[in-house]
Amino acid sequence: MTLVFPIRRLIATVILCFAASVSAADVVPLSSLDLTKVRQSWGRPQVDRSMREKPLSIAGKAYERGIGTHANSTWWIELGGGTDRFQASVGVDDSAGSDRASVEFKVTADDRVLWESGVMKQGDPAKAVDLDLRGARTLILQVTDAGDGVDYDHANWADARFLVSGTRPQTMDRPVPAEAPVILTPRPGPAPRINGPLVYGCRPGNPFLYRIPTEGQRPMRFSAQDLPTGLQLDAQEGIVTGTAPPRGEYQVTFRAANEHGAAQRGFKIVSGDLLALTPPMGWNHWYTHYDRITDRLMREAADVMVVSGMADVGYQYVNIDDCWMFAPKHSDPLRVGALRNAQGEIRPNGHFPDMKALTAYIHSKGLKAGIYTSPGPLTCGGFAGSYGHEAQDAKTFADWGFDFLKYDWCSYGDIAKDDPAPELEKFKKPYALMGRLLREQSRDIVLNLCQYGMGKVWEWGAEVGGHSWRTAGDLGFELDRIFDVALANAKHAEWQRPGAWNDPDYIQIGYIGAAHGMGLPQPCPLTPNEQYSFMSLWSLMAAPLFFSGDMGRLDEFTINVLCNAEVIEVNQDPLGRCARVVPLTGASFAMVKDLADGSKAVGLFNRAETTTVVAATLDQLGLAGTWRVRDLWRQVDLGRLQTRVSDRIGRHGAFMIRLWPEP
Ligand code: GLA
């Protein structure tokens, strides 16, 4: 053994010297490239030192040269065919400071993934990368959060260098080709079409509110057959109100008619313990208004949800995120003040004069209202959190009339660190408390756990009373990561079921403000194809569908992507399954979702930088027999399918179909 190692090293050195002398390659350190275009979720990349500005170090070994970065980071490099090799030692930096640090390194050249590190944690020895890049035009170096959020994810490309015999590598901007915003979906016709979930959960004796999502020309007359006692229908608006019936299942039929025709749809009310039997749908203010949110903007969002047609395909919740409370300090004087009143009750800030009036306004449209807080003393935005006031706040939210709570970990880390309980217990504790408190209110309040996937929240989120849980950190403006985020989220498919949803964060299309710096809304950087992929992925995963773009600036294309009733029907399917991922050749993959009526929804996705024919055999998709096929984005029937499905798909685009078995 002692002899083997030096001999191996000697041989390697000889081979390296030989290779070097043959190709006469120059060594170009990665750290000599322009770093300004590197995109990463936290901080800026560091040259020859870690993100904590210490010498680079992996598992106790120090490195003089290299790059300290932080997940999620993406680096586009133009090679122009002149680079022979890329070499590096990669790993989590020793100064990351937590066993929660976990990352994955990935190297892609010309749409081909050349190397993946697998999940690496702090203390894992460095992994060596040595890749042949001859002929490659572009290279992408990525560090992802390995699917559990970006906390502590300090990652090093140590000793990273190119061996170059031609054009020198240089950093480039992420290439974004211009694409026309093609509207694929026909506008809804004038005759009624009833949409929305086929199954709906509520708790016996609590207030009941449901606006029947219906496309078509108004005025319309609604009716309901077999509506349980205690519920009434507003026949003109199509809004059901009243008191949820005793425990049990009630099969109702809704009907809608206008001068152009009539439609009907079943609706099963399940009165019991579970809420959110299909993924919650709505709007959340965060990625548009950040700490600029006001009562007026929330009301505007409710108005637009109805006027734009979003409510007619099932969007329902109008949710306030952070910054509605007072903060100890903030640049806006109306947001600074005593956090609580003399009785210890939380106070809305100067932009929210009357929370009860706000929820009443939202409810008057048949929509529901959501609110946000943190189990810590302060929220992520530095506003009042619920720590020490949990019971009081749960009651306040119910009294104000809220129907949804996002509970965001934020400063709770400071509390948890002094708790001697085992780590998993510490993660569960604040959520179990709020879960119990919300169940005790005499309102149905859906609970969204926001703690970025810590402690594998998908395994226990439902047990502590959550109806959905974020599976990763903020999707933010790193929107070119939607495929990675979706694939990481889909890994937790087995934990998802009606009333318990994996949440990969909000739909960010239309006008959106950059998360970093809480920017003003501007057109989102995703191409039209990427926006179709976004909505297709979220629908196939049965993810909560919360649009977080600017409701005041909804254009026709954005409405088209958000409001395709047949795509949404896949998301809202009562079986509640997340699609299976099927890797295909090159940079393409498929997703296959089982639906309650025995049909399947299939998405084909093209991750390549160019238009590609993406194909899958029925066998690859795990299907057999003959199927009737419908293109869901275009809403047209495509005939029969027996062997394989394929489509020419634009860069980063999607093709989404539904298949019904033929006898
Ligand atoms: C965290 C959450 C976001 C948002 C902000 C508010 O970052 O993950 O979704 O709620 O806090 O400060």
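**Aromatic residues and ligand site**

Author: One aromatic cluster is formed by Tyr200, Phe208, Tyr210, Phe254 and Phe267. Please note that the model is a predicted one.

Reader: How many aromatic pairs does the structure hold?

Author: There are 28 aromatic pairs in the structure. One of them is made by Phe483 and Phe589, with ring centres 6.0 Å apart and an angle of 90° between the planes, an edge-to-face arrangement.

Reader: Where in the chain do Phe483 and Phe589 sit?

Author: Phe483 belongs to helix 9, residues 482-490, while Phe589 belongs to strand 36, residues 588-594. The pair thus joins distant parts of the chain, 106 residues apart.

Reader: And are Phe483 and Phe589 buried or exposed?

Author: Both Phe483 and Phe589 are buried.

Reader: Turning to Phe605, why is its pair with Phe483 called edge-to-face?

Author: The planes of Phe483 and Phe605 stand at 75°, with the ring centres 6.3 Å apart, so the pair counts as edge-to-face; the cut-off for that class is an angle over 60 degrees. This pair also links distant parts of the chain, since Phe605 lies in strand 37, residues 600-606, and is 122 residues from Phe483 in helix 9.

Reader: Why does Phe483 count as buried?

Author: Phe483 has 3% relative accessibility, so it counts as buried; the limit is under 20%. Phe605 is buried as well, with a relative accessible area of 0%.

Reader: Now to the ligand. Which residues surround it?

Author: The surrounding residues are Trp286, Asp321, Asp322, Tyr372, Cys380, Gly381, Lys406, Asp408, Cys450, Tyr452, Arg470 and Asp474. By class, this shell has five nonpolar, one polar and six charged residues.

Reader: What are the distances from the side chains of Lys406, Arg470 and Asp474 to an oxygen atom of the ligand?

Author: For Lys406, a polar side-chain atom lies 2.7 Å from a ligand oxygen atom. For Arg470, the corresponding distance from a polar side-chain atom to an oxygen atom of the ligand is 3.2 Å. In Asp474, an N or O atom of the side chain is 2.5 Å from an oxygen atom of the ligand.

Reader: What percentage of the ligand's exposed area does the protein bury?

Author: The protein buries 92% of the 300 Å² that the ligand exposes when taken alone.

Definitions and conventions: Residues numbered from 1 in each chain as written. Predicted model: local features only at pLDDT ≥ 70, side-chain atom pairs only at ≥ 80, totals over all residues. Heavy atoms only, no water. Near = heavy atom within 4 Å. Polar contact = N/O pair within 3.5 Å; in protein donor to acceptor, adjacent residues only side chain to side chain. Areas by Shrake-Rupley, 256 points an atom, 1.4 Å probe, with all protein chains shown as cover. Nonpolar A, V, L, I, M, F, W, Y, C, P; charged D, E, K, R; others polar. Phe/Tyr/Trp six-rings, centres within 6.5 Å; stacked < 30°, edge-to-face > 60°. Helix = DSSP H or I, 4+ residues; strand = E, 2+ residues; numbered from the N terminus. Buried < 20%, exposed > 50% of the residue type's maximum accessible area, 1.4 Å probe, protein only.
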